[in-house]
Amino acid sequence: MMERTFDERLAVSLTLTIAGKSHEIIAGSIKRFALDLWSWGLEGEVEFLLTDTQGRGGKEKDALLADFLKPDLVEVSLEVKGVLGETSSKPAHTALTVKGLVSEKTLVEEFVSTSSGSNVILHRRYGIRFQDAARLLWRQHHPCALYTSKTVKDVLDAHKGDKIGLTYDWDAGLGTSHAILFVGLDPGMGASFYDWVLWYVHGRMGVFTYDYAKQGYKFAGAKDTSGTPVNLHEDNLAGLEILLPEVIRHDVTVLNATAESPVTQPITQKQAVTGIRQDVLLCTPISDEVQARVDLETARLKARGPEMELVWRSFPEKALTPGELVKLPANDAWGAAGVAKDQVLRIRDMHLSGEVLEKQGEEEVYNDPDAMFSFRMSTRLEPKDESHVDLPAWQPPVYPRYVEGFIVSEQGAEKDETWQAYTDSKTSLDGYKVKIPLFADQIIPAPFNPNLLPGHFYFPAYKGERVLVGLDFQKAWIKRFLDWRTGARMPQDGQGVQLLVGKTPENGTALKHFYTDDKPVFLMQRTNAKDTQKIQLDEGTLLIQVKEEQS
């Protein structure tokens, strides 16, 4: 539906705060503004004109210029309020107030010629574009951080900074402690912390909303349905369009590819077309993870309800913002073919813009608290109980990332190169513990398995072995081994290779093969402090020796 343009007198005020100093611009100076307000955030733009007559001997000075040219962070507060009464004789107007951070700035200087032939500045036309704080700052934020025994809420709190306010009502999604949480965002791969947040919320059917009253963000497990709906007045409204979202036409099958307990779990829904499906492939020995994914995919198949695009013909006396509940006028003209009749609706997004049109013969007045704007406004509505969550475009983070670590074992003495399997109390699965020096020596779990060796070799990684670790969001694994065990490396001239087993070179067994005078030698030697036994095969000789070294 096309937006309707109408003339509207509005009180519009803009406040720019730069390095702690506030600059206020009133409606008489504002030439154009536009706002896009969504359930998850906002963006806007404003153009305004400031007069500077000092070059012509006048008293008006542009006090903004010096601060505007600085690279300091600019905080924006824009207020839009109706002036004329449309639906009552004694209107009690409330203001739409939005706040954000400036992302772009423009400046054009307008000059006039003097009688002497020189040019002097008369006006400066400023332009700003701004966004909500998280969208602007988190999209430039690419942390690489590891957390152990922390919650996702802990991660969010660690990265909100002093410009982003967060509240939480999602214990299931944010309040559970995890053995490992890794946020590894490479700027070269594109996904930012903002993308990571949206990826996490979408992947767990959470709700991420911007609170226009508190100018902050809320993470929740479900949409807020509290509050008394506002009754919209038909004198403010120009038209209504019903939007029917695309219907899901596929089923889902969750597949778990573990060899010992494979799972094929179909999930059906009545609107699916036969033979059309989406397969989700997992490979996990933990049955609870499979069931959690089945539950998630089942919830995702819920059909979306109809939406309504509402076009306005005047700015309402009570300003509205996304997230608020409303009811359309109670007559058939606004019943949306019966879809919206007597139904409580939620504002999902809003789009409004105003521009002062210079009319010939009218004198410009820059100090008025309100002005006549060519104005347009539309609102997207959804049913109160609609579970679909609207989010901005995002891209998933790229995993895994790789770091180095050391194998942990608490068996034996500190110097002993022992191995140890730790059993997880929740899953009963065995795992290694790996210390990651880069991240403050935090210790993370990794699967206890043969890794790249076939199963008939039982050679667990030993204490202190340097390994390359693959890090995913909530799991880690040993990618490869990076160093030789102490005493394992042999001289190159003899082309020797060997297998060391045991706690230390002084308390273990070695199998060695090397060359002496280009003739092969095989040696098997057991060592326990001063006590040694060995079997050696070389050219024409078999040596079996038991010996105790003397002090």
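Predicted model: local features only at pLDDT ≥ 70, side-chain atom pairs only at ≥ 80, totals over all residues.

Reader: In which sense do E11 and strand E12 pair?

Author: Residues are numbered from 1 along each chain as its sequence is written, and side-chain values use heavy atoms, with hydrogens and water left out. Strands (E, at least two residues) and helices (H or I, at least four) are DSSP runs numbered from the N terminus, and two strands pair if DSSP finds at least two bridges between them. E11 and E12 (residues 216-220) are joined over five bridges, and their sense is antiparallel.

Reader: Which residue in E12 is the bridge partner of phenylalanine 208?

Author: Strands of a sheet pair through backbone hydrogen bonds, either parallel or antiparallel. For phenylalanine 208, the bridge partner in E12 is phenylalanine 219.

Reader: Which strands stand at the edges of this sheet?

Author: The open sheet has three strands in the order E9-E12-E11, with mixed pairing. Each edge strand has a single partner strand, so one side of each is left without a neighbour in the sheet; these are E9 (166-169) and E11 (207-211).

Reader: Is asparagine 256 buried or exposed?

Author: Asparagine 256 is found in strand E15 (residues 251-256). Its contacts (heavy atoms within 4.5 Å) include Leu282, Cys283 and Val290. Buried means under 20% relative accessible area, exposed over 50%, and partly exposed in between (1.4 Å probe, protein chains only). With a relative accessible area of 5%, asparagine 256 is buried.

Methods. Lists of a residue's contacts leave out its neighbours within four places in sequence.
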